[in-house]
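Student: I have a chain on the screen and would like to go through it by question and answer. Can we start with a pair of side chains?

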Amino acid sequence: NSDTKNNPLFLYLAYQSVHSPAECPKSYVDKYNTTIANQQRRTFAGMLSACDEGIGNITTLLQKYGYLEKNTILIFSSDNGGPIP
């Protein structure tokens with residue numbers, strides 16, 4: 001739609017990614033098999049990678065439809081750190 005960038009947009013997206021239950025597709029966890037020894041930390045890294053990919057997909061679409069051209073604020077917030085082994 002040619003009007004898209006002239007219309008306001010509010011998007012709230014709550015990712016569960018770094019909260020319980022600690023699980024995500026195996027392909028995200030496997031990327032860290034050689035660099036992170038602790039399984040719990042690998043799972044957390046995989047969860048964060050999945051979240052990062054999803055945010056990238058959203059920002060790509062926002063750009064495509066003109067929402068990132070001006071007057072745009074993106075806020076990322078997390079209330080959870082990595083698990084304590």
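Student: How many residues apart in helix H1 are lysine 26 and aspartate 30?
Tutor: The model is a predicted one. In it, helix H1 covers residues 26–30. Lysine 26 and aspartate 30 are separated by about one helical turn, because their spacing in H1 is four residues.

Student: What is the N to O distance where the side chains of lysine 26 and aspartate 30 meet?
Tutor: Side chains of opposite charge can pair when their charged atoms come close. The cut-off for a salt bridge is 4 Å between the side-chain nitrogen and a carboxyl oxygen. Lysine 26 and aspartate 30 form a salt bridge, with an N to O distance of 2.8 Å.

Student: How many salt bridges does a search of the whole structure find?
Tutor: The pair lysine 26 and aspartate 30 is joined by a salt bridge. A search of the whole structure gives a count of one.

Student: Is lysine 26 buried or exposed?
Tutor: Exposed means over 50% relative accessible area. Lysine 26 has 59% relative accessibility, so the residue counts as exposed.

Student: How many helices and how many strands does the chain have?
Tutor: H1 is the helix at residues 26–30, and H2 is the helix at residues 39–64. For the chain, the counts are two helices and zero strands.

Student: What span does H2 reach from its first C-alpha to its last?
Tutor: H2 has 26 residues, and at 1.5 Å a residue the expected span is 38 Å. The model comes close to that value, with a reach of 37 Å.

Student: Which helix is included in what covers the buried residues of H2?
Tutor: The buried residues of H2 include Thr43, Ser49, Cys51 and Leu62. Part of what covers the buried residues of H2 is helix H1.

Student: Which residues does threonine 43 touch, not counting those up to four places away in sequence?
Tutor: Threonine 43 is in helix H2 and is buried, at a relative accessible area of 12%. Beyond its sequence neighbours, threonine 43 touches Ala22, Glu23, Cys24 and Val29.

Student: And which residues is serine 49 in contact with, leaving aside neighbours within four places in sequence?
Tutor: Serine 49 also lies in helix H2. Its relative accessible area is 14%, under the 20% limit, so serine 49 is buried. The contacts of serine 49 outside its sequence neighbourhood are Tyr28 and Tyr32.

Student: How many disulfides does a search of the whole structure find?
Tutor: Cysteine 24 is partly exposed at 23% relative accessibility, whereas cysteine 51 is buried at 12%. A disulfide is a covalent bond between the sulfur atoms of two cysteines. The number found in the whole structure is zero.

Student: Which residues make the nonpolar surface patch of about 370 Å²?
Tutor: Leucine 13 lies in the segment before H1 and is partly exposed, at 44% relative accessibility. Together, the residues making the patch are Leu9, Leu11, Leu13 and Tyr15.

Student: What percentage of the 85 residues in the chain is buried?
Tutor: The accessible surface of the chain comes to about 6,700 Å², with 53% of that belonging to carbon and sulfur atoms. Buried means under 20% relative accessible area. By that limit, the buried share of the 85 residues is 21%.

Note on methods. Residues are numbered from 1 along each chain as its sequence is written. This is a predicted model: local features need pLDDT of at least 70, side-chain atom pairs count only at pLDDT 80 or more; totals for chains, interfaces and linings use all residues. Side-chain values use heavy atoms; hydrogens and water are left out. Buried means under 20% relative accessible area, exposed over 50%, partly exposed in between (1.4 Å probe, protein chains only). Accessible areas come from the Shrake-Rupley method with a 1.4 Å probe; for residues, only the protein chains shown count as cover. A disulfide is a pair of cysteine sulfur atoms within 2.5 Å. Patches are made of residues with over 30% relative accessible area and no salt bridge: like charges are joined within 9 Å, nonpolar side chains (Val, Leu, Ile, Met, Phe, Trp, Tyr) within 5 Å. Contact means heavy atoms within 4.5 Å. The expected span of a helix is 1.5 Å times one less than its number of residues.
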